[in-house]
Amino acid sequence: MKRFPVAFVVASILFFLSASLSISMATEEAAVYIVYAESPEGVKPEAFNIRTLAAVLGSEKRAKDAVIHHYTHAARGFAAKLTAQQVEELRKQPGVLLVLPDVIYHLHRTDVHV
C-alpha cells in the first residue's frame, strides 16, 4: 500500500479549505444600495461611479455588472447590488457621500370610502 507524502495531504486540505472559504464569501447575501456621490468637474458621472465602485470590487467589469442604475439629474450616484462588506469599503472611498439600502415603501390608505 502506497502512502501519500505529508506535504501532499496538507496541501490538499488547504486547497479544500480555501475553496470552501471562497464559496462562502461568494454566497454572502447581496442587496441593492443607493450610493450618493460627488460629481467632480470634468468627469462624466458614470465614469466616476464605475471607477469608485471598481476600487472596492476589484475591476471595472465587476463594477459594471453590479451597477443597476446611474443617477445623473436630481442627484449624482448609482444603485448597485452589494454585500455588507462591500458597502463598508465603499463608504470609505473618496467622493462617496452616503450609502443607503434601497427600500421600497408601500402606501396603505385608510381613508378610502366605497
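Entry 1. I began with the contacts of Phe78, leaving out residues up to four places away in sequence: Phe78 touches Tyr33, Ile34, Val35, Asn49, Leu53, Val67, His69, His70, Tyr71 and Leu90. I note that the model is predicted.

Entry 2. I then asked which residues of the largest nonpolar core touch the most other members. The core has 17 residues, and those with the most such contacts are Leu53, Phe78, Leu82, Leu90 and Val99. I listed the elements that give two or more residues to this core: E1, H2, helix H3 (60–66), E3, helix H4 (84–91) and E4. Helix H2 supplies the largest share, with 5 residues. As a general remark, I recorded that nonpolar side chains tend to be buried together in soluble globular proteins.

Entry 3. I looked up strand E3, which covers residues 77–82. Is this strand mostly covered or mostly uncovered? I found E3 mostly covered, with 5 of its 6 residues buried.

Entry 4. I next examined the partners of E3. Strand E1 (residues 31–37) runs antiparallel to E3, and 6 bridges join the two. Within this pairing, I located Ile34 opposite Ala79 and Val32 opposite Lys81. Strand E2 (residues 67–71) also pairs with E3 in the antiparallel sense, over 4 bridges. Here I found Tyr71 opposite Gly77. How many residues lie between E2 and E3 in their hairpin? I counted 5 residues between them.

Entry 5. I returned to E1 to look up its pairing with strand E4 (residues 96–101). These two strands are antiparallel and are joined by 5 bridges. Ile34 stands opposite Leu100 in E4, and Ile34 also stands opposite Ala79 in E3.

Entry 6. I turned to Thr52, which I found in helix H2 (residues 45–57). Why does Thr52 count as buried? Thr52 counts as buried because its relative accessibility is 7%, and the cut-off for buried is under 20%. I then followed the side chain of Thr52, which reaches the backbone oxygen of Phe48 at 2.8 Å. Not counting residues up to four places away in sequence, Thr52 touches Leu90, Gln93, Pro94 and Val96.

Entry 7. Finally, I compared my notes on Leu90. This residue is in the contact list of Phe78 and in that of Thr52. Leu90 is also one of the core residues that touch the most other members.

Terms used. Residues numbered from 1 in each chain as written. Predicted model: local features only at pLDDT ≥ 70, side-chain atom pairs only at ≥ 80, totals over all residues. Heavy atoms only, no water. Buried < 20%, exposed > 50% of the residue type's maximum accessible area, 1.4 Å probe, protein only. Pairing = 2+ DSSP bridges. Polar contact = N/O pair within 3.5 Å; in protein donor to acceptor, adjacent residues only side chain to side chain. Contact = heavy atoms within 4.5 Å. Core = buried A, V, L, I, M, F, W, Y, C linked by side-chain atoms within 4.5 Å.
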